[in-house]
Amino acid sequence: MPEAALDGLIEALRRLPGVGLKSAQRLAFHLLQHDRDGARRLAQALDNAVTRMRHCERCHTFTEGEVCSTCRDPRRDTRLLCVVETPADQAALERSASYRGLYFVLMGRISPLDGVGAGQIGAAELLERAADGVVQEVILATSFTAEGEVTAHALAQALRARGLKVTRLARGVPAGSELEYVDLSTIAHALVDRR
């Protein structure tokens, strides 16, 4: 006999990336059987985040205020603007502690097969932000997938047409890897981009 509340929880959990029916059921049963307090905290945290989080007016990442803490940080190099696909990509770059400029988060990437063009990922807002007279270099840090490459190419053309210096993250053989196990595309790009 199906229970509406349980079915609703399972369906809600299935909306998470990588969570299928079996995983959603396992999560739902765990929360209800072993961690009801955790379930309440999760529900409250989700409600709080959905209610309070918004997009930064300058870079489009998630923030509670109008402008995020990164954009407000006076120690950041305002001449550098790194373009990433998602807030998760921004967080990964921040964890590296190797970049001290500002960001622009696209919240997606161009995907012609899915009907996603430059207009749906904030390209116009990026061009406006990059042409503020302060930015001197735009670093394209989109992923190295087909969609990420299309996105980087389209944005690079538009940014260069406005006289901006555009660079792309380097790519190549990962540190600690054995060459025989690296895919051919990565080896080819490493040879082309060698220094």
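Reply: Start with helix α7, residues 146-161. It has 16 residues. From its first C-alpha to its last it reaches 23 Å, close to the 22 Å expected at 1.5 Å a residue. Keep in mind that this is a predicted model.

Now look at which residues of α7 are buried. They are Gly148, Thr151, Ala152, Leu155, Ala156 and Leu159. Look down the axis of α7, and these buried residues fall within an arc of 130 degrees, so they line one face of the helix. Buried here means under 20% relative accessible area.

Turn to the face of α7 that points away from the buried side. It carries the exposed residues Ala146 and Ala161. Exposed means over 50% on that scale.

Arg76 sits in the loop between α4 (69-72) and β3. Is Arg76 buried or exposed? Its relative accessibility is 6%, so Arg76 counts as buried. Leave aside residues up to four places away in sequence. Arg76 then touches Thr70, Glu94, Tyr99, Arg100, Gly101, Leu102 and Tyr103.

Now step back to the whole protein. Its secondary structure comes to eight helices and six strands. Along the sequence, the pattern reads α-α-α-β-β-α-β-α-β-α-β-α-β-α. The radius of gyration is 21 Å, well over the 16 Å that the globule rule gives for 195 residues, so the protein is more spread out than a compact globule. Along the principal axes, the C-alpha atoms fill a box of roughly 65 × 50 × 35 Å.

How much of the protein is buried? Of its 195 residues, 29% count as buried. The protein exposes about 12,800 Å², and carbon and sulfur atoms supply 55% of that area.

Contacts along the chain complete the view. Take the contacts between residues at least 6 apart in sequence. Among these, 47% join residues at least 24 apart.

Back to α7 for a last look. One face is lined by buried residues, including Leu155 and Leu159. The face turned away carries Ala146 and Ala161.

Methods:
Residues numbered from 1 in each chain as written. Predicted model: local features only at pLDDT ≥ 70, side-chain atom pairs only at ≥ 80, totals over all residues. Heavy atoms only, no water. Helix = DSSP H or I, 4+ residues; strand = E, 2+ residues; numbered from the N terminus. Expected span 1.5 Å × (residues − 1). Buried < 20%, exposed > 50% of the residue type's maximum accessible area, 1.4 Å probe, protein only. Arc of directions from axis to C-beta. Rg over C-alpha atoms; globule rule 2.2 N^0.38 Å. Contact = heavy atoms within 4.5 Å. Areas by Shrake-Rupley, 256 points an atom, 1.4 Å probe, with all protein chains shown as cover.
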